[in-house]
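Visitor: Hi! I'm new to this one, could you walk me through it?
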Amino acid sequence: MLEIRDLHVSVEDKEILKGVNLVIPKGEIHAIMGRNGSGKSTLSYVMAGKSGYEITKGEIILDGVNILDMEPNERASAGLFLAFQYPIEIPGVATMTFLKAAMNAQRKARGEEELSTPDFMREVKQAAKMLEIDNKMLKRALNVGFSGGEKKRAEILQMALLKPKMCVFDETDSGLDIDALRIVSQGVNALRDANRSMLVITHYQRLLNYIIPDVVHVFSNGKIVKSGDKSLALELEEKGYAQYDESAA
Amino acid sequence: MPAVKETIDQVKEIDLEKYKYGFETDIKSDKAPKGLSEDIVRFISAKKDEPEWMLEWRLDAYKRWLTMDEPDWAKLDYPKIDFNDIYFYSAPKSTPGPKSLDEVDPDLLETYKKLGIPLSEQAVLAGVEGAKIAVDAVFDSVSVVTTFREELAKSGIIFCSISEAIKEHPDLIKKYLGSVVPVTDNYYSTLNCAVFTDGSFVYIPKGVRCPMELSTYFRINEKNTGQFERTLIIAEEDTYVSYLEGCTAPMRDENQLHAAVVELVALENAEIKYSTVQNWYPGNKEGVGGIYNFVTKRGDCRGDNSKISWTQVETGSAITWKYPSCILRGDGSRGEFYSIAISNGYQQIDSGTKMIHLGKNTSSKVIAKGIAAGFSDNTYRGLISAHKKAKNARNFTQCDSLLIGDKCGAHTIPYIEAKNSSVIFEHEATTSKISDEQMFYCQQRGLNEEEAVALIVNGFVRDVLQHLPMEFMVETQKLINISLEGSVG
């Protein structure tokens, strides 16, 4: 379970997050919707531990532990996964090599044994099949020259293999055509699990037709201004974000 | 060996030091008096029981060296070397010359075992047939053993120490020694001509494809001792040989000098592949100690359609001054240079290559990857030239530098000279930093900072890594990781 308590975050003395409160119980999918510049992506980076953000107040608690003092890799090993809006290129490192390095690093951090190569191959093949990722793509350098769809599928592949407890999707639908969106959503849905929580951050309602959330939160001016069930997303699509600007100010 | 154990324990205590090969072997040695003079040159020659012509050659080089000045054009900063404070000859007392394995001092065998070098033919023979590696082990100034000699001799291949070759194959030595790197080529090579003590000699007779990897492992053990090795490889017509050299030294506070000369001769249709993994002691975190590595390596593609390929992984030494080069004399000959140069701490590297196109339709390829971390300086310096008769000469050069942190420097200094209009030379260069985004991405997937840097660097050098012999690829990847430890944070 994830709990964010009164989170305040500044960048260069400008407050971006102004008291975020959020609870995502085990097994639930929550969506955060908001217009560009509302601080949605900042929230995902702060959760994952990116540097350059000053946390002035608040806590982020994952399974009873405040993760704010942990390094990004420690948070990852504790079960936090962030699917990037713009996945980063790692030249010369084959996707397969990267997957193995990441899986073994997390296992090592948790005091588990390294995966044997046959076990690793089996797991990768299985997950890749679900995401319609072929062998050729696994041999290419991670994200280098990947299309938008390939990049997002590679993100979900990593998530499938790393088996996180808490997944954060930052604008995962951006840059996807309808087919890629379908494949990615299928991948995410296949990973729904009673022990896994998910947070889908998005600008458009479209993605939520494929990944059906339990709860929708409206994000405006650095905090959550309204929460409701999935129908809230449709209402937003129809009426826009303007109605919330007032209440946040 | 209590002394070795003590050294190892001491090394372990200084846990800031990551140099794995920093132990010292406690073995009695036979040394020349410190310093350099005509007498020392005579001493070395006498120790080696050399013929008169060899002594003359050395004395001539010594006289010429006295008139030369130390070059200062490299982007390297180090105090003037005091040549009178160096031992120019040191040999383990028990080993007057290379022998069979049974006769080698067990302490020496133990040293090489600790370095992970297979000196036992039995152990290797028991493995896969294709994985055989013949080794010439050079300890301070002398070759202590050369393995697989008999087996190689069956194909007519000569693989022995250069000292033996001088005595047993004088015609080959007279014909080829100094024919690629002339006696007066440069300050350090001329010094080497005067005082070289040992090294390897390889001769591949016409039409023979060398059935196994040949390698030499150089180890500097004695204090204040310079190592001046000399390697000569001759590949006759229609031959192939792959050769690997590795180097390590104990950790010491003072700087030690290593000035080697390597000459390669490739005749018609011959191919020589020469790989180096250089891991001399680089000095400690504050930049104290470490090897000064001034090396002249040159290959001569003397015959038509011959090929010489240099691959180097440079991770050690306080100072590296090294430009493995190819003279593309034969028509259609080809030169290649693949390099990974990693500097950390206060290391300084000025390294690169020279591709001298003389023949028609000659081609060359240069891929150099420099990685600078800590307070180090890493310079690529390369010359690509074409003579006016070198019609249709082609070169492709790619030079990439990667910076880790903001206290280090990477520099690329290309020299390009084309003296006829049919030449096509291409040069690409990039300089990049490991970005915060890349680091964050890798860390988000669970890699810690050092693992992330190692992974990104291994990706950066991949084009070069794949040119190393299979056996050394994994070892090199590990070496890269060790060399970069402590480079972040």
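Guide: Happy to. Let's begin with a term: a polar contact is a pair of N or O atoms within 3.5 Å, and within protein one must be able to donate a hydrogen and the other to accept it. Please also keep in mind that this is a predicted model.

Visitor: Okay, so what does the side chain of Gln444(B) reach in chain A?
Guide: It reaches the backbone oxygen of Leu80(A), at a distance of 3.1 Å. The side chain of Gln444(B) also makes a polar contact of 2.7 Å with the side chain of Arg445(B).

Visitor: Is Gln444(B) buried or exposed?
Guide: Buried, because its relative accessibility is 0%. Gln444(B) sits in helix H10 of chain B, and the residues it touches include Ala48(A), Ala76(A), Phe81(A) and Phe84(A).

Visitor: How many residues does the contact take from each chain?
Guide: There are 17 from chain B and 33 from chain A. Three residues stand out: Phe440(B), Tyr441(B) and Arg445(B) supply 37% of the area that chain B buries against chain A, more than any other three residues.

Visitor: And what's the area buried between the two chains?
Guide: About 2000 Å², with carbon and sulfur atoms giving 64% of that. As for polar contacts, 14 residue pairs are counted between chain B and chain A. On the side of chain B that touches chain A, H10(B) gives the largest share, seven residues. By type, that side has seven nonpolar, six polar and four charged residues.

Visitor: How many salt bridges are there across the interface?
Guide: Three are found between chain B and chain A. One of them joins Lys108(A) to Glu451(B), whose closest N and O atoms are 3.0 Å apart.

Visitor: Let's turn to helix H11 of chain B. How many residues does it have?
Guide: Twelve, residues 449-460, and the helix reaches 16 Å from its first C-alpha to its last, close to the expected 16 Å. Nine of those twelve residues are buried, so H11(B) is largely enclosed by the rest of the structure. Among the buried ones are Val453(B), Leu455(B), Ile456(B) and Phe460(B).

Visitor: Which residue caps its N-terminal end?
Guide: Asn448(B) does, with a side-chain oxygen 3.2 Å from the backbone nitrogen of Glu450(B).

Visitor: Changing topic, what's the secondary structure of chain B as a whole?
Guide: Chain B has 13 helices and 23 strands. Of its 489 residues, 62% are buried. For contacts in chain B with a separation of 6 or more, 83% are between residues 24 or more positions apart.

Visitor: Which salt bridges tie parts of chain B together?
Guide: Take Arg381(B) and Asp350(B), with closest N and O atoms 2.8 Å apart. Arg381(B) lies in strand S20 and Asp350(B) in strand S18, so the pair ties together parts that are 31 residues apart in sequence. Both Arg381(B) and Asp350(B) are buried.

Visitor: What about Arg329(B), which residue is its partner?
Guide: That would be Asp300(B), at 3.1 Å between the closest N and O atoms. Arg329(B) is in the loop between strands S16 and S17, while Asp300(B) is in strand S13, 29 residues apart. Arg329(B) is partly exposed, at 39% relative accessible area, whereas Asp300(B) is buried at 0%.

Visitor: Which residues are linked in a network of salt bridges?
Guide: Glu271(B), Lys307(B), Arg334(B) and Glu336(B) are. Over all chains, the structure has 32 salt bridges.

How values were computed. Residues numbered from 1 in each chain as written. Chains lettered and ligands numbered in written order. Predicted model: local features only at pLDDT ≥ 70, side-chain atom pairs only at ≥ 80, totals over all residues. Heavy atoms only, no water. Helix = DSSP H or I, 4+ residues; strand = E, 2+ residues; numbered from the N terminus. Expected span 1.5 Å × (residues − 1). Buried < 20%, exposed > 50% of the residue type's maximum accessible area, 1.4 Å probe, protein only. Contact = heavy atoms within 4.5 Å. Buried area = accessible area lost by both parts, 1.4 Å probe. Salt bridge = Lys/Arg side-chain N within 4 Å of Asp/Glu carboxyl O. Nonpolar A, V, L, I, M, F, W, Y, C, P; charged D, E, K, R; others polar. Lists of a residue's contacts leave out its neighbours within four places in sequence.
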